[in-house]
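Please read these notes alongside the model. They cover charged pairs first, then aromatic rings.

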Amino acid sequence: MILLLSDLHLGRGTADQSRAAEQDVLDLLRAHEAEIVDDGGMLVLNGDVFHEFIEYRHLVPKVGARLTGLLANWADRGAEIVYVVGNRDPWHIDFFESEIGVRVIPKSILLDAFGQRVFISHGDEHAYTHRLSLRFESIVRAPWAARLYRMMLPGDSGFALARWASRTFGTDGVPDPVVARDLSEAAHRQLESTDADVVVFGHSHGEALEVTPHGTYINLGYWYGARTFARLGADGPALYRWTDGAAHPLTLPPVAAPLPT
């Protein structure tokens, strides 16, 4: 079984809101511990795990310490954990890989699982409508931009600027239907033009499950705001919502074609 979730946005909102999102994800992971750690499953964190993330050579953000500790424990026990970075948390150096034991993926990954090819990406690079934002995010993701930022701004100043930019230019987290349409269309193109059987995105904050003649598109939704996630097994992908300490299946209307432009 592969457990997939994205857009935790740890550090967003108040300290209590962020801690609640972190506590719920800890409960979710512990509920799946046997399947992932003991039975050889996989955990995929598909971007924007942190609301702001800037790793310096000797400094990392202190938010999400309990989640990081659990991931380290799982990795020490042999669990396979993949972290596909998002638009808000691309600036990793080596902490998660060398210290925690998590495989960090800069853009996308193609997995073979249960007889299917699964393409996983956070999705921000496929949101074509907001082209100015897309160009800005491509710069932010560039390694030279991260190096320049770290050289110009020491730790606390760098984090302070990131938090200010997030509050000033960021969104309120409400699902964006335009971004959702872009990602749906991009997923359908990916399914039609490659050998992928399943395409997994996040980023839009709106969960989706679309079955097409070419394969299945799934959007993991918005953990911070809606506590949604997905599981992929022999029966294919399925969406869930974590409420009252349990996973509840989500049933969405089937979509067999890209949404109209």
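How many salt bridges does a search of the whole structure find? The search finds 8 salt bridges, each being a side-chain nitrogen of Lys or Arg within 4 Å of a carboxyl oxygen of Asp or Glu.

1. Basis. This is a predicted model, where local features need pLDDT of at least 70, side-chain atom pairs count only at pLDDT 80 or more, and totals for chains, interfaces and linings use all residues. Residues are numbered from 1 along each chain as its sequence is written, and side-chain values use heavy atoms, with hydrogens and water left out.

2. Arg-117 and Asp-195. Their side chains form a salt bridge, 3.3 Å from N to O. Arg-117 sits in strand 6 (residues 116-121), and Asp-195 in the loop between helix 8 (177-193) and strand 7 (198-201), so the bridge ties together parts 78 residues apart in sequence. Helices (H or I, at least four residues) and strands (E, at least two) are DSSP runs, numbered from the N terminus. Arg-117 is partly exposed at 25% relative accessible area. Asp-195 is also partly exposed, at 46%. The classes are buried under 20% relative accessible area, exposed over 50%, and partly exposed in between (1.4 Å probe, protein chains only).

3. Arg-241 and Glu-207. This salt bridge has an N to O distance of 3.6 Å. Arg-241 belongs to strand 11 (residues 236-243), while Glu-207 is in the loop between strand 7 and strand 8 (208-212), so the pair ties together parts 34 residues apart in sequence. Arg-241 is partly exposed at 26%. Glu-207 is partly exposed at 24%.

4. Arg-181 and Asp-182. The closest N and O atoms of this salt bridge are 3.5 Å apart. Asp-182 is buried, with 5% relative accessibility. Arg-181 is partly exposed, at 21%.

5. Network. Salt bridges link Glu-33, Asp-38 and Arg-77.

6. Aromatic pairs. The whole structure holds 11 aromatic pairs. Phe-50 and Phe-53 have ring centres 5.0 Å apart and planes at 35°, so their pair is tilted. Rings of Phe, Tyr and Trp (its six-membered ring) pair if their centres lie within 6.5 Å; planes under 30 degrees apart count as stacked, over 60 as edge-to-face and the rest as tilted. Both Phe-50 and Phe-53 are buried.

7. Charge over a ring. Arg-231 lies over the face of Tyr-240, 4.0 Å from the ring centre. The criterion is NZ of Lys or CZ of Arg within 6 Å of the ring centre and within 35 degrees of the ring normal.
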